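Please examine the structure shown below. The paragraphs that follow lead through selected positions, helix contacts and ring pairs.

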Amino acid sequence: MRVTEIFPRRKTLSLELFPPKSELGMQKLDQELERLYALEPDYISCTYGAGGKGLGKHMELLCRLSSDAKTIPMTHFTCIGSGKEYIRHQLQSYLDIGVDHILALRGDLPNGWSGTRGDLQYASELVSFIREAFGDRFTIAVAGSPEGHIECKSIESDIEFLKHKQDCGADFILTQLCWDMEQFERWLEKIRAAGITMPVDVGIMPILDQAATINMALSRNACVLPRKLCELITRHWIFPNPFDKNPYDEEAETKKLSFRKAGIEYTIEQIEQFKKMDVSGFHLYALNRYDDVAYIAQQAGLLERN
């Protein structure tokens, strides 16, 4: 079964996991997987660290997902620092363990780099290479940036690059996180007007932690933090700031719990808004936190398949 065969029938539910660094973390995730499977996700994607860090654990997790055969496993793959022969070898290793879905990315450049320092410079080149080397053996997802990629000069230019990925053989779009719902809707209209017909699977990061929310918005993605979300952060602000591991705020723990509760409700409300748009699926960044993700999926009605 391919994800692209599910999209025309119903909206999908999928999860993103990252492999823990330690063996203890892997053992814990191993136990949580059975609980995640109970959500019946259509696919689970597995990321890894910048520059290929954690690739061993990444492969270990993919092997587990593939051997369990309870969902479709999908690997992330970047072209940072990689030659074509290495890329060919690594892609074949995925096929060898039964992983034939891939999110093709350029990847975030390490500090000080002006290019990938590999044979391929763009995600579109990676998509073309996969198609040339492996034909239709892979189902290929590509990233979409509803607010425009931070390195792109305009949203229109970014959409042109997205269209080029489609022309190179990509199958569907997995979006970067976006909390600006009006901008997301405008982006959907613009990509369709540009001739992009690929299904859109919307990436959703649950709002669970102040520091993580701010970090994800600003460290790489340059995402807009809507007024309502800013108010949520402000009302539960931990002094001196949520990044301080030893805050002097006596109410820090209480604020963390109350923010998490409010953030979960914010996430559920956001999903309800996405449901009214032209999206084909919901991809939750699970953060390896089963309880919160399960609650969000259930309360948002994502477990109801029709």
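S280 counts as buried because its relative accessibility is 15%, where buried means under 20% relative accessible area, exposed over 50% and partly exposed in between, with a 1.4 Å probe and protein chains only. S280 is placed in the loop between α10 (252–275) and β8 (281–285); helices (H or I, at least four residues) and strands (E, at least two) are DSSP runs, numbered from the N terminus. Apart from neighbours within four places in sequence, S280 is in contact with F7, R10, K11, T12, P199 and V200, contact meaning heavy atoms within 4.5 Å.

The model is predicted, so local features need pLDDT of at least 70 and side-chain atom pairs count only at pLDDT 80 or more, whereas totals for chains, interfaces and linings use all residues. Residues are numbered from 1 along each chain as its sequence is written, and side-chain values use heavy atoms, with hydrogens and water left out.

F7, one of the contacts of S280, also belongs to a cluster in which ring pairs link F7, Y43 and F172. Rings of Phe, Tyr and Trp (its six-membered ring) pair if their centres lie within 6.5 Å; planes under 30 degrees apart count as stacked, over 60 as edge-to-face and the rest as tilted. By this rule there are six aromatic pairs. One of them joins Y43 and F172 edge-to-face, at 6.2 Å centre to centre and with 65° between the planes. Y43 lies in strand β2 (residues 43–46) and F172 in strand β6 (residues 172–175), so this pair ties together parts that are 129 residues apart in sequence. Y43 is buried, at 1% relative accessibility, and F172 is buried as well, at 0%.

F134 and F138 form another edge-to-face pair, with 5.6 Å centre to centre and 90° between the planes. L91 lies in helix α4 and is buried, with a relative accessible area of 0%.

How do α4 and α5 cross, and at roughly what angle? The axes of helix α4 (residues 84–96) and helix α5 (residues 123–134) come within 11 Å and cross at roughly 65°. Axes are lines fitted to C-alpha atoms, for helices over the stretch in contact, and angles run from 0 to 180 degrees between N-to-C directions. The two helices are therefore roughly perpendicular to each other; angles under 35 degrees count as roughly parallel, over 145 as roughly antiparallel, 65 to 115 as roughly perpendicular and the rest as oblique. On the α4 side the contact involves K84, I87, R88, L91, Q92 and L95, and on the α5 side L126, F129, I130, A133 and F134. By class, these comprise eight nonpolar, one polar and two charged residues, with Ala, Val, Leu, Ile, Met, Phe, Trp, Tyr, Cys and Pro counted as nonpolar, Asp, Glu, Lys and Arg as charged, and the others, Gly among them, as polar.

Helix α5 also packs against helix α6 (residues 155–168), at an angle of about 5° and with the axes 9 Å apart. That angle makes α5 roughly parallel to α6. A123, S124, V127, S128 and R131 of α5 meet H164, K165 and C168 of α6. The residues of this contact divide into three nonpolar, three polar and two charged.
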